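Please look over the sequence and the model below before reading on.

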Amino acid sequence: MSHATRSSAKILAMLAAATLLGTACGQTASSTAADAGNGMTISFKTLDEPAKGANKVEAVVKQEGNTVTNATVRVTFRMPAMPNMNMPEMHSTTPLAHESDGRYVGTGQLEMAGTWNVTVTVARDGAQVGSSRFSLQAK
């Protein structure tokens, strides 16, 4: 391989890496759908890139392909304990309000940057009818 070809290959590799890194750092959270049981699916996403502090979130609930508009929807954020850092488990639960077409929104609090386990629960008449788990990385 000639020197010019190697130089061109290195430049292309650096451009590709910079493009991928820029895309990953600037991305907004994508929606993820999960089976919640009983023919129900729940999609969850943050409306902006997840970060320490207040985060607006959205869950879309469907059952057998139809939007669910008459449910109580909550999202729980949980970070496991880190004993080696002397940190207890952290968690917070936020109710989501129905806006339209099975779309529920609210604002949850993340106490610190890092990986958070997310559980979205759906209830009707006080009984849980579905739940799904997700994960997000807060900056």
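How many salt bridges does the count come to? In this predicted model, the count comes to four salt bridges. One of them pairs glutamate 49 with lysine 139, whose closest N and O atoms are 3.9 Å apart, and this pair links distant parts of the chain, since glutamate 49 sits in the loop between E2 and E3 while lysine 139 belongs to the segment after E9, 90 residues apart. Of these two partners, glutamate 49 is partly exposed at 28% relative accessible area, whereas lysine 139 is exposed at 51%.

Another salt bridge, at 2.3 Å from N to O, brings together the side chains of glutamate 58 and arginine 103, which lie in strand E3 and strand E7 respectively and are 45 residues apart. Here glutamate 58 is buried, with a relative accessible area of 10%, while arginine 103 counts as partly exposed at 25%. Between glutamate 89 and arginine 78 the closest N and O atoms are 2.8 Å apart in a further salt bridge; because glutamate 89 lies in the loop between E5 and E6 and arginine 78 in strand E5, the pair ties together parts that are eleven residues apart in sequence. Salt bridges that share partners also join Glu58, Glu99 and Arg103 into one network.

The largest nonpolar core has 25 residues, and those with the most contacts inside it are Phe44, Val73, Phe77 and Val120. Among the elements that give two or more residues to this core are strand E2 (40-46), strand E5 (72-79) and strand E8 (114-124). Valine 120 touches residues including Ile42, Phe44, Val73 and Phe134. Threonine 94, in strand E6, is buried at 8% relative accessibility, and its contacts include Val73 and Phe77.

Conventions: Residues numbered from 1 in each chain as written. Predicted model: local features only at pLDDT ≥ 70, side-chain atom pairs only at ≥ 80, totals over all residues. Heavy atoms only, no water. Core = buried A, V, L, I, M, F, W, Y, C linked by side-chain atoms within 4.5 Å. Buried < 20%, exposed > 50% of the residue type's maximum accessible area, 1.4 Å probe, protein only. Helix = DSSP H or I, 4+ residues; strand = E, 2+ residues; numbered from the N terminus. Contact = heavy atoms within 4.5 Å. Lists of a residue's contacts leave out its neighbours within four places in sequence.
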